[in-house]
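Please examine the sequence and the model shown below. The briefing that follows opens with a question and then groups its points by topic.

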Amino acid sequence: MAARRPTDEESRTVLRDHRIELEECQYVRALADDLSMGLVVSAPHRWHEDEDEGGADDPSWFGHMVGTR
């Protein structure tokens, strides 16, 4: 499952209903097509592709971050 950008209307509804005030550089992401799985308020999303031929059990490039391995 991938997070998606909600529509403007979905964003307004979710922010109003949950009394969320976004701070600078925060974004809302929906976790399902109909928001049934919830939402995430986050900083801008980033990703990193492994440049080597790493395996699924190799340590994470994000291993320095809390909660990763």
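Which residues does S42 touch, not counting residues up to four places away in sequence? S42 touches C25, Q26 and Y27, where contact means heavy atoms within 4.5 Å. This is a predicted model, in which local features need pLDDT of at least 70 and side-chain atom pairs count only at pLDDT 80 or more, while totals for chains, interfaces and linings use all residues. Residues are numbered from 1 along each chain as its sequence is written, and side-chain values use heavy atoms, with hydrogens and water left out.

**Overall architecture**

- The protein chain holds one helix and two strands; helices (H or I, at least four residues) and strands (E, at least two) are DSSP runs, numbered from the N terminus.
- From the N terminus on, these elements follow the order α-β-β.
- Of the 69 residues in the protein chain, 14% are buried; buried means under 20% relative accessible area, exposed over 50%, and partly exposed in between (1.4 Å probe, protein chains only).
- The accessible surface of the protein chain is about 6,200 Å², and carbon and sulfur atoms account for 48% of this surface; the areas come from the Shrake-Rupley method with a 1.4 Å probe, and for residues only the protein chains shown count as cover.
- Among contacts in the protein chain between residues at least 6 apart in sequence, 27% join residues at least 24 apart.

- In helix α1 (residues 8-17), the buried residues are E10, S11, V14 and L15.
- Viewed down the axis of α1, these buried residues fall within an arc of 120°, so they line one face of the helix; the arc is that of the directions from the helix axis to the C-beta atoms.
- An α-helix has 3.6 residues a turn, so residues three or four places apart point the same way.
- The other side of α1 carries the exposed residues D8, E9, R12 and R16.
- The cover over the buried residues of α1 includes β1 (27-30) and β2 (39-42).

**The loop between α1 and β1**

- R19 follows α1 and lies in the loop between α1 and β1.
- The phi of R19 is near 50°, a positive value in a residue other than glycine, and R19 is exposed, with a relative accessible area of 77%.
- C25 is also placed in the loop between α1 and β1; its phi is positive, about 65°, although C25 is not a glycine.
- Most residues other than glycine have a negative phi.
- C25 counts as partly exposed because its relative accessibility is 47%.
- E23 lies in this loop between α1 and β1 and is exposed, with a relative accessible area of 57%.
- E23 and V41 are 18 residues apart in sequence, and their C-alpha atoms are 9.9 Å apart in space.

**Strand β2**

- S42 is found in strand β2 and counts as buried because its relative accessibility is 16%.

**Salt bridges**

- The whole structure contains two salt bridges; a salt bridge is a side-chain nitrogen of Lys or Arg within 4 Å of a carboxyl oxygen of Asp or Glu.
- R16 forms a salt bridge with D17, with the closest N and O atoms 3.3 Å apart; R16 is exposed at 57% relative accessible area, and D17 is partly exposed at 49%.
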